[in-house]
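These are my notebook entries on what I looked up in one structure. I began with charged side chains and then turned to the ligand and the backbone.

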Amino acid sequence: MRALYPALADGHAYLDGAAGTQVPVSVIEAIAAAYREGFGNLGGAFAASGRADAIVTHARAAVGDLVGAAPGGVVFGPSATSLAYRIADALSRAWTAGDDIVVSRLDHDSNVRPWIQVAGRAGVTVKWAEFDLVTGELPTAQYADLIGPRTRLVAVTAASNAIGTRPDVPAIAGLARAAGALCYVDGVHATPHAPVDMAGLGADFYTTSAYKWSGPHLAALAADPELLETVWPDKLAPSSNAVPWRFERGTLPFADLAGVTAAVEHLAALAPGAAAASGGASASRRERVLASMAAVEAHESALFARLLGGLAELDHVTLYGKAARRAPTAFFSVTGSSPREAAEFLASRGVNVWDGDNYAYELCTALGLEPDGAVRAGLVHYNDASDVDRLLEGVAELA
Ligand SMILES: Cc1ncc(COP(=O)(O)O)c(C=O)c1O
């Protein structure tokens with residue numbers, strides 16, 4: 001499977017997947033094929049326009065299969081951040097002074113700041129869910145106190161992009177629903193690492209960025225189309241009033257959307273044996289995605305155990321977070337080296353890791369790590385034991 005990724009041929013250990021994965025040749029080809037074949041803008045009288053329409057329809061269906069959503073509730077945008085701002089702006093118009101919202105200090109800032117900013121304008125109180133500084137867990141129990149009758153929205157991540165914690169989203173979303181609040185789940189870091197089922201999570205909104213799962217740089221927001229029908233974003237007068245189109249500003253990146261479908265197909269094909277066992281020869285793409293992502297989760301968790309075990313043996317390494325349920329993402333400091341110095345040293349050895357706060361700004365502030373953050377090594381499905389071992393050897397040399 002690594003051979004399907006041309007970029008991996010440079011021999012580097014790509015442990016920066018949490019900041020964006022490489023793409024397989026099928027995605028590159030799908031994007032090139034869209035341009036080669038030609039497409040027009042949407043709604044024209046000619047065949048090339050119809051091809052753009054088909055690309056969008058296929059991409060909505062693909063993301064629907066990836067996260068367990070209705071294709072008619074899949075909204076595309078340039079990034080998860082811009083989609084969060086779009087929805088925050090639209091939802092907050094119905095909020096009034098005295099309402100409240102709940103955000104978490106575990107979250108990437110894109111699922112924090114947009115909500116705080118619109119809450120400030122609407123006179124709405126912001127309540128904070130805190131994570132445990134030692135374990136990295138986001139205790140569910142606190143939500144029973146935080147969520148009340150005036151709570152309009154609970155924003156929470158399905159996985160921390162820094163320390164990997166996967167909170168108990170179904171429980172948190174259940175508390176939100178019981179109080180009549182909406183739950184906005186940031187699935188950007190969670191989606192590449194395990195099967196996703198929006199309904200099982202209880203998410204009213206779920207965001208995911210294709211560039212974290214072998215696709216191009218764009219994002220999707222999934223929601224029940226009936227919920228989207230109740231929300232009105234700012235939009236141009238002549239653009240469609242229909243859901244999901246009214247949430248998409250301007251012209252969509254059609255060729256990249258062809259790449260989104262190819263990326264989901266790629267994921268669906270990762271574990272053909274498991275898919276055949278679960279659904280037989282006629283397994284739907286949704287079934288194949290679920291089987292594949294379960295295999296991805298198993299592969300990554302074995303590698304992650306090797307990574308965490310190796311780092312734990314190094315006295316000059318401080319690891320952050322040890323939640324029971326985690327995405328395979330390690331966040332650590334190295335005594336005697338700044339995060340950037342450590343990342344530069346590892347880069348000189350062909351090991352790509354991220355350094356900084358990764359926009360997990362509240363988390364890094366709470367851990368006393370701002371402004372430099374820490375080193376992040378994140379595993380994705382194309383990583384193998386040699387990537388992990390090269391990282392461990394490099395970090396050991398920093399002693
Ligand atoms: C957990 C999480 N949420 C949100 C984002 C922001 O995604 P985007 O770059 O699509 O705005 C990221 C990006 O790293 C992330 O890891």
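**Entry: salt bridges.** I counted 23 salt bridges, taking as a salt bridge a side-chain nitrogen of Lys or Arg within 4 Å of a carboxyl oxygen of Asp or Glu. Side chains of opposite charge can pair when their charged atoms come close.

**Entry: basis of the values.** I noted that this is a predicted model, in which local features need pLDDT of at least 70 and side-chain atom pairs count only at pLDDT 80 or more, while totals for chains, interfaces and linings use all residues. Residues are numbered from 1 along each chain as its sequence is written, and side-chain values use heavy atoms, with hydrogens and water left out.

**Entry: the ligand.** Which residues surround the ligand? I listed S79, A80, T81, H108, S110, N161, D186, V188, H189, S209, Y211 and K212, a residue being near if one of its heavy atoms lies within 4 Å of the molecule. This shell divides into 3 nonpolar, 7 polar and 2 charged residues; Ala, Val, Leu, Ile, Met, Phe, Trp, Tyr, Cys and Pro count as nonpolar, Asp, Glu, Lys and Arg as charged, and the others, Gly among them, as polar.

A side-chain N or O atom of T81 is 2.5 Å from a ligand oxygen. For A80, a backbone N or O atom lies 2.8 Å from a ligand oxygen. A polar side-chain atom of K212 lies 2.6 Å from an oxygen of the ligand. The protein covers 90% of the 390 Å² of accessible area that the ligand has on its own (Shrake-Rupley method, 1.4 Å probe).

**Entry: the backbone.** Where does P244 lie? I found P244 in the loop between α8 (225–229) and α9 (254–268), and a cis peptide bond joins V243 to P244, with omega about 0°. A cis peptide bond also joins E370 and P371, with omega about 5°; P371 is in the loop between α13 (361–366) and β13 (374–378). Lastly, I noted S214, which has a positive phi of about 75° although it is not a glycine. S214 lies in the loop between β7 (205–209) and β8 (219–223).

Conventions:
A polar contact is a pair of N or O atoms within 3.5 Å; within protein, one must be able to donate a hydrogen and the other to accept it, and residues adjacent in sequence count only if both atoms are side-chain atoms. Helices (H or I, at least four residues) and strands (E, at least two) are DSSP runs, numbered from the N terminus.
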